[in-house]
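Hello,

Here is the structure I promised to pass on to you. Have a look at it first, and then read on for what I found in it.

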Amino acid sequence: MEQPQQSAGPEEAGAEAGKPPLRVGMVGYAFMGAAHSQGWRTAGRVFDLPLSPVLTALCGRDAAAVRAAADRHGWATTETDWRALIARDDVDLVDICTPGDSHAEIALAALAAGKHVLCEKPLANTVEEAETMTRAAETAFATGGQLAMVGFNYRRVPATALARRMVAEGRLGRLRHVRVTYLQDWLNDPEFPLTWRLRKERAGSGSLGDLGAHIVDLAQHLVGERLAGVSALTETFVRQRPLPGGPSSGLAAGAGRAGTATVTVDDAAVFTGRFASGALASFEATRYATGRKNALRLELNGERGSLAFDLERLNELWFHDATEPAVHAGFRRILVTEPDHPYLEGWWPPGHGLGYEHTFVHQARDLVHAIAEGRVPQPSFAEGLQVQRVLAAVEESAEKNSVYTPIAD
Ligand SMILES: NC(=O)c1ccc[n+]([C@@H]2O[C@H](COP(=O)([O-])OP(=O)(O)OC[C@H]3O[C@@H](n4cnc5c(N)ncnc54)[C@H](O)[C@@H]3O)[C@@H](O)[C@H]2O)c1
């Protein structure tokens with residue numbers, strides 16, 4: 001086994017003086033790895049945390065590449081096998097930033113080794129895996145006090161956190177409609193290669209698990225309730241795509257025209273749902289909405305008012321107060337940058353907006369507090385499992401001509 005490599009840079013200094021460290025080991029260092037690194041690096045510099053996150057070890061499979069990534073993102077040491085990372089005594093928390101096919105194996109091993117776990121969404125590729133992970137997390141909490149959280153970071157946009165607060169305070173009254181879409185367009189080009197996100201055995205599902213998981217979690221979080229059942233349509237618009245590494249990349253299964261292979265996941269999912277309280281919900285997740293880059297949009301309509309949000313304008317929350325006289329009522333923009341708004345106490349003066357990356361700082365902050373207080377963080381693995389059940393019900397409904405499919409408990 002390769003020995004951990006120590007790096008000498010000053011960035012790798014240990015914990016903040018006077019605070020116990022939380023030593024993090026992270027697996028995967030591409031998109032989410034970079035975002036999580038930023039979160040761990042920054043949280044303790046913006047917020048007064050009870051523990052000081054330390055970027056102890058970064059894991060990837062290529063020694064030179066992981067060393068370069070560690071230097072870029074501020075990690076002290078590297079590993080090339082996640083099992084070695086988990087075996088280390090100087091790692092308290094394992095952060096899983098790999099594709100869904102490795103979430104269960106890494107999380108189960110980390111919990112068994114006594115580590116806390118942060119796992120990217122969707123929690124797993126199947127309900128069965130998510131059930132096993134949830135049971136393991138609950139046992140680890142009961143026996144060793146370890147904590148496990150799923151990375152549904154869109155709960156931690158200040159505007160969505162404010163929306164949650166306003167719904168909970170009753171500002172919207174009884175909810176009637178929950179309308180959520182998550183629109184991207186990066187698959188519209190039929191020559192875009194068949195990466196892991198387009199393979200069922202690696203990603204579990206397509207737009208559904210990637211984007212749909214986020215909006216199901218966010219909708220349920222905002223409403224404060226679980227979906228009771230769904231009716232769904234899914235579609236794969238482009239069924240053959242070029243192999244990422246060209247014709248000789250070894251991806252033989254499902255190969256069609258020379259140098260291409262079959263897409264085995266959905267390209268888009270459209271579904272409706274019912275909340276137990278009677279509110280109706282609609283969801284759309286697609287990577288083919290030309291012109292929409294990361295448009296997670298939601299609107300909630302209640303008997304006392306409405307809220308609207310668009311991730312492409314994430315410092316803004318729109319509120320209509322239906323109790324005001326119609327003569328001057330209307331949607332008004334709340335610029336969510338005031339010190340009293342969620343997460344804003346540590347940031348900039350009013351009007352100096354935040355961005356996508358800050359959600360990962362807030363995620364790290366909230367997890368550190370939960371660990372210091374010994375309470376189960378949200379979203380827990382149990383919440384990740386419930387989202388997985390919704391995704392499974394969407395797939396089942398789509399296979400059965402959109403028949404209404406209750407969500408299993
Ligand atoms: N929260 C969000 O907004 C968000 C956004 C994008 C992706 N994700 C989720 O994050 C996860 C990772 O997605 P990504 O976009 O970062 O993917 P990515 O392809 O950019 O990165 C995946 C990383 O995992 C590494 N990896 C894969 N298998 C590994 C193994 N066995 N051992 C060590 N490293 C391994 C790869 O080398 C790479 O560094 C997925 O579950 C995805 O759904 C979440």
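**Around helix H4**

The buried residues of H4 are covered by several elements, including strand S1 (21–27), helix H3 (82–87), strand S4 (93–96), strand S5 (116–119), H5 and S6. Please keep in mind that this is a predicted model. Which residues of helix H4 are buried? Within residues 103–112, they are His-103, Ala-104, Ile-106, Ala-107, Ala-110 and Leu-111. After H4 comes Gly-114, with a positive phi near 85 degrees.

**The nonpolar cores**

The largest nonpolar core has 109 residues, and the members that touch the most others are Val-94, Val-117, Ile-215 and Val-394. Where does this core lie? Both domain 1 (10–153) and domain 2 (155–354 + 380–406) give residues to this core, so it lies between them. Another core, of 6 residues, lies apart from it; Leu-194, Leu-198, Ala-203 and Val-265 are among its members. As general background, nonpolar side chains tend to be buried together in soluble globular proteins.

The domain assignment gives domain 1 as 10–153 and domain 2 as 155–354 + 380–406. Taken over C-alpha atoms, their centres are 25 Å apart. Domain 1 brings 22 residues to the contact and domain 2 brings 24 residues. On the domain 1 side, helix H5 (127–144) and strand S6 (148–150) each supply at least two residues, and H5 gives the most, with 6 residues. By class, that side of domain 1 has 14 nonpolar, 5 polar and 3 charged residues.

An unreviewed UniProt entry lists residues 22–139 as "domain: Gfo/Idh/MocA-like oxidoreductase N-terminal". Over residues 22–139 the chain is 47% helix and 21% strand, with 21 Å between the end C-alpha atoms.

**The ligand**

Which residues come nearest to the ligand? Out of the 21 residues around it, they are Gly-28, Ala-30, Phe-31, Met-32 and Glu-120. Helix H1 (residues 31–46) gives the most to this shell, with 3 residues. The shell is made up of 9 nonpolar, 8 polar and 4 charged residues.

Enjoy exploring it!

Best wishes

Methods
Residues are numbered from 1 along each chain as its sequence is written. This is a predicted model: local features need pLDDT of at least 70, side-chain atom pairs count only at pLDDT 80 or more; totals for chains, interfaces and linings use all residues. A residue is near a molecule or strand if its C-beta atom, placed from the backbone, lies within 6 Å of it. Helices (H or I, at least four residues) and strands (E, at least two) are DSSP runs, numbered from the N terminus. Ala, Val, Leu, Ile, Met, Phe, Trp, Tyr, Cys and Pro count as nonpolar, Asp, Glu, Lys and Arg as charged, and the others, Gly among them, as polar. UniProt positions are given in the numbering used here, feature names are shortened, and annotations may be inferred rather than shown by experiment. A nonpolar core is a set of buried Ala, Val, Leu, Ile, Met, Phe, Trp, Tyr and Cys residues joined through C-beta atoms within 7 Å. A residue is buried if 20 or more other C-beta atoms lie within 10 Å of its own, exposed if 12 or fewer, and partly exposed in between; C-beta atoms are placed from the backbone. Domain bounds come from an automatic or database domain assignment. Two residues are in contact if their C-beta atoms, placed from the backbone, lie within 7 Å.
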